[in-house]
Each structure stands twice: as C-alpha cells, then as structure tokens.
Amino acid sequence: MAVLLAAAGWAILVPYLGPAWELTARVPTRVEVVDHVLPGALAAIAAAVGLARRGRFSKASPDAAVVAASALAVLAGFWATATHVPVLPVAANGDLSWPAALLHVSAGPPLLVASLVLLLRETRQATE
C-alpha cells in the first residue's frame, strides 16, 4: 500500500515537475488535472483506506472496503496509463520532446501495477 501511495504521489507531481524541469506537454491545466491529479488522488485515497483498514502486514480476511478501494485504484491507474498512450506517437512525430513524453507517460504504469498488485493480494486472500 505504501508503494501505491508513492505511485499516486508521483502521478500527482508529474504535471508540476514538467514545467520546473522544462518538460511541458503544452496541454491545458484541466487536462493535467484529469489525467494526473485526479487518478493520483483516487489512488492515494485507496492506499489510505488500505493502510487504515489493514495496516502494513495484516493477513486478515478480505475487507470489502479495501477491495473496493483497490479496484478504484486500478481504474485510476488504467486511466492514467491509457490517456498517455497517444503521447508516444506525438513524441515520435517530433511535436513533443521525448523527455517530456516519457515524464508524462511514467506516471500511469507504476500506478496501474501497484494497484493491481494490491487488488490481487486482497482478492487472493478471499480464496485462501
């Protein structure tokens, strides 16, 4: 859950680090909020629910709230990943620098993987 929280933080920070590092994607602020901040915030909330309900090393039976929060985090991670797939062809076309494209693309996959691991861990406990 701590990894999910870190990935969520990274997703939220990327649109703000880009300008600081001169790696902007030149999109409206509302797009950055919808594609980075919102998914990151949802995943952070999911991680907080998991930490509050489960602790770090709990082996208890599945908690419906943690499973639901994990599923929401998976959707957030998928959104952050899927909305950035078109960034790669834009960079390949030369309309965006590769460092800027890779910075923006870097937020989604860790968020998706961390949330999937959490969801799979929670649902696996249901079958054990």
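Modeller: The expected span of a helix is 1.5 Å times one less than its number of residues. Helices (H or I, at least four residues) and strands (E, at least two) are DSSP runs, numbered from the N terminus. This is a predicted model, in which local features need pLDDT of at least 70, side-chain atom pairs count only at pLDDT 80 or more, and totals for chains, interfaces and linings use all residues. Residues are numbered from 1 along each chain as its sequence is written, and side-chain values use heavy atoms, with hydrogens and water left out.

For α2, 26 residues at 1.5 Å a residue should span 38 Å, and the 35 Å between its end C-alpha atoms agrees with that. The helix has a kink of about 30 degrees at V37, shortly before the proline P39; the bend at a residue is the angle between axes fitted to the seven residues ending there and the seven starting there.

Among the buried residues of α2 are H36, P39, G40, A43 and R54. Buried means under 20% relative accessible area, exposed over 50%, and partly exposed in between (1.4 Å probe, protein chains only). R53, by contrast, counts as exposed because its relative accessibility is 52%.

R53 forms a salt bridge with D63, with the closest N and O atoms 2.9 Å apart. The pair links distant parts of the chain: R53 lies in α2 (residues 29–54) and D63 in the loop between α2 and α3 (64–82), 10 residues apart. A salt bridge is a side-chain nitrogen of Lys or Arg within 4 Å of a carboxyl oxygen of Asp or Glu. D63 counts as buried, at 14% relative accessibility.
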